[in-house]
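User: I have a structure to go through and I'm new to this. Can we start with a term I'll need?

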Number of protein chains: 2
Amino acid sequence: MSTVKVITNILEANDRIARQNAQLFGTAGVYVVNLMSSPGAGKTSLLERTVDALHGKLRMGVIEGDIQSSVDAERIGRHGVKAVQINTGGACHLDGNLIRDAVEDFALSELDLLVVENVGNLVCPAEFKLGEDIKAMILSVTEGDDKPLKYPLMFQESSALVINKIDLLPYVNCSVERIEERALAINPALRIFRVSCTTGEGLATWTAWLADQVAGKRPRARA
Amino acid sequence: MSTVKVITNILEANDRIARQNAQLFGTAGVYVVNLMSSPGAGKTSLLERTVDALHGKLRMGVIEGDIQSSVDAERIGRHGVKAVQINTGGACHLDGNLIRDAVEDFALSELDLLVVENVGNLVCPAEFKLGEDIKAMILSVTEGDDKPLKYPLMFQESSALVINKIDLLPYVNCSVERIEERALAINPALRIFRVSCTTGEGLATWTAWLADQVAGKRPRARA
């Protein structure tokens, strides 16, 4: 029982910091995406593709979350946007505090879109709010179509589901229809995109939708 | 600082229970494997293949760990061995306590090999001992060859690394040699297996090695 209480308190404290972050982002007029997935589902690849598509149209920044290493921030940096690396040093998720520290490295009011790439993990990142406008998750078809049954919270909390690696569908035992059906049973409002970061298929629909979300926040924030 | 202290205390308490579990397993003469990976890397598929290969030679039992659902225990049950499902109800890893409760459902002294399939997560399961003889991890080639750099603890703690889905190598940008080189830099004693649970390639080497480990424990435990 006491364990449950401790976890509740940690989450409550985090929610408070996340609300402060959200206020900061609102004032600056920057749209924030919390991008989550299993290790290797393609978060950084999707981000590279998204940066390449939107960089000229939107002022972007990226926060990279990893237990260790700065390979992802270096990858993103090569695409011409500023990327700040957070190393959690063991923790399996980002939290409001880590984001509050990391955003100090950005001039937030000069950004339209800030994407936070969370630690590769389908579990805990779904529980810790960062102050984001939306959570988006990636599921790659190589992970199998049973994942909504096993990690429902992630699907419930996300506004967008990007189904990645659809170029590998001929070689794996996975039904995209079953993923979609199971994900929508948990979260009927989930917006779903089928993409391949390798071939580029489906990415234009994703980036157009994302740009629309950013445009929807800006006028309100700057009014 | 206080956060670090709390985590240390939780891990110390868990280590104590894990030592009691290990004693229980030693007395019963059952060899216990803690199988870990990202979601969808192929833990249950490897287990199904392993059960099919060793079921006639060894008396096997399986504990399935998931946040939610019992699909994995049902999959394993169809292969003719007893499988107990643990639902963590949110927690991203198994711990000594959960295992202590689950093993009450087995007649341990009638088992040679007990495999525990951990929650799909490359992070926290590496920190929580269960009382196992060895930790084994799976990395699928679709996850990319940078994973040892990002999740070093898992590679450090594991005795065996099963590189799965090698049938997909022609279609993904991943070097098995680079995975092996990076994993061995972290843990030079790591035993590495290249397999495909789809085609069956490499599985005989893995199951033969595992059977050898089990045989190595039995005489001592029963002497």
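Analyst: A residue is buried if 20 or more other C-beta atoms lie within 10 Å of its own, exposed if 12 or fewer, and partly exposed in between, with C-beta atoms placed from the backbone. This is a predicted model, in which local features need pLDDT of at least 70 and side-chain atom pairs count only at pLDDT 80 or more, while totals for chains, interfaces and linings use all residues. Residues are numbered from 1 along each chain as its sequence is written, and chains are lettered from A and ligands numbered from 1 in the order in which they are written.

User: ok, so is Ser69(A) buried, exposed or partly exposed?

Analyst: Ser69(A) counts as partly exposed, because it has 17 C-beta neighbours inside 10 Å. Ser69(A) is in the loop between strand S2 (60–66) and H3 of chain A. Helices (H or I, at least four residues) and strands (E, at least two) are DSSP runs, numbered from the N terminus.

User: what is the phi of Ser69(A)?

Analyst: The phi of Ser69(A) is positive, about 80°, although the residue is not a glycine. Most residues other than glycine have a negative phi.

User: and what about phi of Ser69(B)?

Analyst: Phi of Ser69(B) is near 80°, also a positive value in a residue other than glycine. Ser69(B) lies in the loop between S2 and H3 of chain B. With 17 C-beta neighbours inside 10 Å, Ser69(B) counts as partly exposed.

User: where does Arg78(A) lie?

Analyst: Arg78(A) lies in the loop between helix H3 (71–77) and strand S3 (82–87) of chain A. Arg78(A) is exposed because 11 other C-beta atoms are within 10 Å. From Arg78(A) to Leu24(A) is 54 residues in sequence and 28 Å in space, C-alpha to C-alpha.

User: switching to strands. how many residues of S4 of chain A are buried?

Analyst: In strand S4 (residues 113–117) of chain A, 5 of the 5 residues are buried, so the strand is largely enclosed by the rest of the structure. Leu113(A), Val115(A) and Glu117(A) point one way from S4(A), and Leu114(A) and Val116(A) point the other way.

User: which strands does S4(A) pair with?

Analyst: Two strands pair if DSSP finds at least two bridges between them. Strand S1 (residues 31–36) of chain A pairs with S4(A) in the parallel sense over 5 bridges, and Tyr31(A) stands opposite Leu113(A). S2(A) is also joined to S4(A) by 5 bridges and runs parallel to it, with Glu64(A) opposite Glu117(A).

User: and S6 of chain A, how many of its residues are buried?

Analyst: For strand S6 (residues 160–164) of chain A, 4 of the 5 residues are buried, so S6(A) is largely enclosed by the rest of the structure. Strand S5 (residues 134–140) of chain A pairs with S6(A) in the parallel sense over 5 bridges, where Ser140(A) has Asn164(A) as its bridge partner. S6(A) also pairs in the parallel sense with strand S7 (residues 191–194) of chain A, over 4 bridges. There the partner of Ala160(A) is Arg191(A).

User: what does the chain cross through from S6(A) to S7(A)?

Analyst: The chain crosses through helix H7 (residues 176–186) of chain A, and this β-α-β crossover is right-handed. A crossover is right-handed if, with the strands pointing away from the viewer, the path from the first strand over the helix to the second runs clockwise.

User: now helices. which residues of H2(A) are buried?

Analyst: Among them are Lys43(A), Thr44(A), Leu47(A) and Leu54(A). H2(A) is mostly covered, with 9 of its 12 residues buried.
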